[in-house]
Amino acid sequence: MNTQTAERSPNIIPTADGDVVVPGELLGLANSSRLEHNHATPYVRKGDRCSTCRYTEVRLFRDGATYVLVTLGMTIIPGEQIISRIRFLTSPFEVVEVLTVRKPGREPFLPKSAALTLAQAADLDEGIADAYVNRAVV
Ligand SMILES: [Zn+2]
């Protein structure tokens, strides 16, 4: 798992419609990408998974009293579009809740990249630290 982004500012968010710049100070950033492909073809086949070809990334910023939460579905596959979601939230508990995955028949959980982003942010923001430590899910 990488915790660093490219050289460019993490505030520059890739979207299907081009780059968007979000305000705020970076509190945490993590993604689920891996360094090596798990296939011999240039890109993973449709329906298969490869965390080098497609991965999720979470970025959390603080802009005054607002948290800017960015979730990205990244892809390097030509013809596929990056899926970006930018949310402006005021409650640290809401940040944790938005990052929590709920699936039928499963216990709610925080994906690794979300948990790592929150752990980084907990060092820099007391509200996130409280919400992360006292979260209801693992
Ligand atoms: Zn791949």
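Because the model is predicted, local features need pLDDT of at least 70 and side-chain atom pairs count only at pLDDT 80 or more, while totals for chains, interfaces and linings use all residues. Residues are numbered from 1 along each chain as its sequence is written.

Strand β4 covers residues 54-63 and strand β5 residues 66-75, and the two pair in the antiparallel sense over 10 bridges; strands are DSSP runs of E with at least two residues, helices are runs of H or I with at least four, and both are numbered from the N terminus, while pairing requires that DSSP finds at least two bridges between two strands. Within this pair, V58 stands opposite T71 in β5. The two strands form a hairpin with 2 residues between them, and G64 in the turn has a positive phi of about 65°. Strand β5 also pairs in the antiparallel sense with strand β6 (residues 83-89), over 7 bridges, and here G73 stands opposite I83 in β6.

Turning to the helices, α1 (residues 92-99) and α3 (residues 126-133) pack at an angle of about 50°, with their axes 8 Å apart; the axes are lines fitted to C-alpha atoms over the stretch in contact, and angles run from 0 to 180 degrees between N-to-C directions. That angle makes α1 oblique to α3, since angles under 35 degrees count as roughly parallel, over 145 as roughly antiparallel, 65 to 115 as roughly perpendicular and the rest as oblique. The contact, in which C-beta atoms placed from the backbone lie within 7 Å, involves P92, F93, V95 and V96 of α1 and G127, I128, D130, A131 and Y132 of α3.

Methods:
Contact = placed C-beta atoms within 7 Å.
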